[in-house]
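Hello,

I'm passing a structure on to you, with a few notes on what turned up in it. Please have it open while you read.

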Amino acid sequence: MKTHLDYYLKYLRQDFSASIVVFLVALPLCLGIALASGAPLFAGIISGMVGGMVVAWFSGSQLSVSGPAAGLTVIVFNAIETLGSFKAFLLSLVIAGIMQMALGFLRAGMIGTFFPSSVIKGMLAAIGMILIIKQTPHATGYDAGYVGDESYMQETARSSFLDFAQSLHGISPGATLVSVVALLILIVWESGLVKRFDLLRIIPGPLLAVTWGVAFNTWALRFAPEWAISEKYLVSLPELGSTSNFVNQLRLPDFSYFINPQIYSVATTLAIIASLETLLSVEAVDKLDPHKRISPTNRELKAQGLGNIVSGMIGGLPITAVIVRSSANINAGGQTRIACFFHGVLLMVSVLFFAHYLNKIPLACLAAILLQTGYKLAKPMMFVEFYKKGLNQFVPFSITVLAILCTDLLEGIAIGMACGIFFVLRANFHVAMSLTQHGSHYLLRLHKDVSFLNKALLRHYLSSIADDSELIIDGDKALFIDHDILETIADFLQAAPDRNIDVELRGFALESQTLEYEGAFVPRLVAAAGHA
């Protein structure tokens with residue numbers, strides 16, 4: 001236990017600094033997602049707190065940040081409308097959490113390992129570009145709210161490009177000045193010049209950027225109203241003022257809906273989508289982790305399930321691991337789960353005691369933080385690196401980026417996966433076997449695994465063997481030979497004498513000469529030396 005404590009204390013300063021950044025990013029997103037979901041605003045804060053204070057400790061990921069997911073807003077909105085009650089929806093969320101825990105115990109987390117690296121990094125690059133597109137309106141003072149800022153819905157994709165274009169024509173001078181200076185502060189704060197001074201390194205750059213925004217707007221409201229940022233472009237946090245008001249905001253599920261079959265339909269949808277988003281996020285965060293730690297995905301599903309049970313029991317929204325906040329955590333220097341935990345604590349403390357002061361923060365400051373995060377996720381050099389790796393890496397990467405930008409996260413990932421699988425099959429198609437020729441002598445060698453997918457290539461090679469020749473079919477190095485491949489070779493053996501082709505088999509056994517196959521008697525081959 002002492003070893004774990006020492007490990008967390010070692011990175012305490014970096015984690016606390018990062019937690020402030022994650023808190024500042026998460027605060028308006030929690031409110032915006034709740035608003036977009038048709039749920040009480042405070043429900044977003046509750047789920048953010050649970051994601052930080054509960055899931056962080058049970059998760060196996062050190063850097064992943066959990067909270068309300070914008071990708072589920074449409075599902076939540078429709079579910080509340082269908083069930084007719086937010087309390088009924090909370091019951092479905094509790095059941096969804098139980099289902100997620102069951103998936104964890106059934107080891108369903110292994111699904112995350114089947115996503116190719118090119119697709120995962122394409123997802124990260126796409127999210128970086130989405131952040132830049134969606135935060136530019138906030139940075140210029142064009143857009144009023146944070147609703148759906150992490151979402152990947154089709155209607156959001158279309159409107160985001162429109163907002164991005166219009167924001168360049170509707171620039172607010174005050175908001176633009178705040179975001180530009182905040183962005184410059186963030187860039188300078190990461191430069192080698194600032195890192196030379198220990199005193200300056202203690203101060204988080206994002207905190208300084210936020211302080212600048214609040215100070216400028218306070219000055220502008222008094223001395224230069226035309227440069228001031230209006231209230232609708234500031235953080236909007238409900239002011240509770242006391243713990244009793246906080247407790248009054250909590251909601252219990254309506255257990256009378258247990259017999260309603262729609263509850264279980266909604267719960268199943270939530271469990272599947274939330275689990276997929278979590279596994280994708282954790283896989284992506286592991287790619288970004290500077291320490292290259294591997295998160296146990298089954299444990300993550302259990303942690304997320306517990307988080308959703310708790311969130312549903314006290315009036316919160318569905319929780320998943322979320323890439324944007326996790327990326328902001330890594331970008332800000334977070335090292336352990338302490339950063340995520342502190343961000344949950346800060347969310348709770350802020351609504352209890354500091355809502356009045358936090359409501360002075362311009363959204364333009366937070367936009368600058370997310371613009372920097374977006375650039376780091378979608379650096380132009382990343383595209384160049386994948387291009388240099390070859391088409392089998394670059395094409396799935398690029399298609400994933402375009403698909404997510406044009407559709408949504410899960411649909412874009414599915415398209416990227418289909419493209420990735422195509423290139424895997426294409427590569428396997430060519431490396432599974434090879435045919436070499438020297439005069440009238442041929443060598444057909446089977447490599448590693450040869451499945452039914454290679455049957456067309458095998459037939460092509462066999463048909464290219466000239467009459468009056470000699471052929472060696474070598475299966476010694478094949479670890480697996482599919483039954484369809486064996487039958488294709490058996491068919492060729494039957495026809496070879498008619499073409500005066502002398503065939504020698506290596507790594508195969510001739511089991512029977514009297515196997516009836518489609519009305520004919522043909523030899524049956526089995527792979528020797530323990531092959532399939």
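Two residues are said to be in contact when heavy atoms of theirs lie within 4.5 Å. Please keep in mind that this is a predicted model.

Let's start with Asp15, which sits in helix H2, the stretch covering residues 12-37. Which residues does Asp15 contact, leaving aside its neighbours within four places in sequence? They are Gly334, Gln335, Thr336, Ile338 and Ala339. With Thr336 there is also a polar contact between the two side chains, at 2.5 Å. Asp15 is buried, yet it has no salt bridge. Its nearest side chain of opposite charge belongs to Arg293, 7.5 Å away.

Asp468 is not a glycine, but its phi is positive, near 55 degrees. You'll find Asp468 in the loop between helix H21 (455-463) and strand S6 (470-474). Is Asp468 buried or exposed? It counts as exposed, because its relative accessibility is 53% and the cut-off for exposed is over 50%. Asn500, also not a glycine, has a positive phi of about 55 degrees. Its place is the loop between helix H22 (483-495) and strand S8 (502-506).

Finally, the inside. The largest nonpolar core has 74 residues, and Leu27, Ile45, Met123, Leu237, Leu366 and Ile413 have the most contacts inside it. Apart from that core lies another one of 27 residues, including Ala69, Ala96, Val266 and Ile273. Back in the largest core, Leu27 touches Ile45, Val235, Leu237, Leu347, Ser350 and Leu358, not counting residues up to four places away in sequence.

Happy exploring!

Terms used
Residues numbered from 1 in each chain as written. Predicted model: local features only at pLDDT ≥ 70, side-chain atom pairs only at ≥ 80, totals over all residues. Heavy atoms only, no water. Helix = DSSP H or I, 4+ residues; strand = E, 2+ residues; numbered from the N terminus. Buried < 20%, exposed > 50% of the residue type's maximum accessible area, 1.4 Å probe, protein only. Lys, Arg positive; Asp, Glu negative; His and termini not counted. Salt bridge = Lys/Arg side-chain N within 4 Å of Asp/Glu carboxyl O. Polar contact = N/O pair within 3.5 Å; in protein donor to acceptor, adjacent residues only side chain to side chain. Core = buried A, V, L, I, M, F, W, Y, C linked by side-chain atoms within 4.5 Å.
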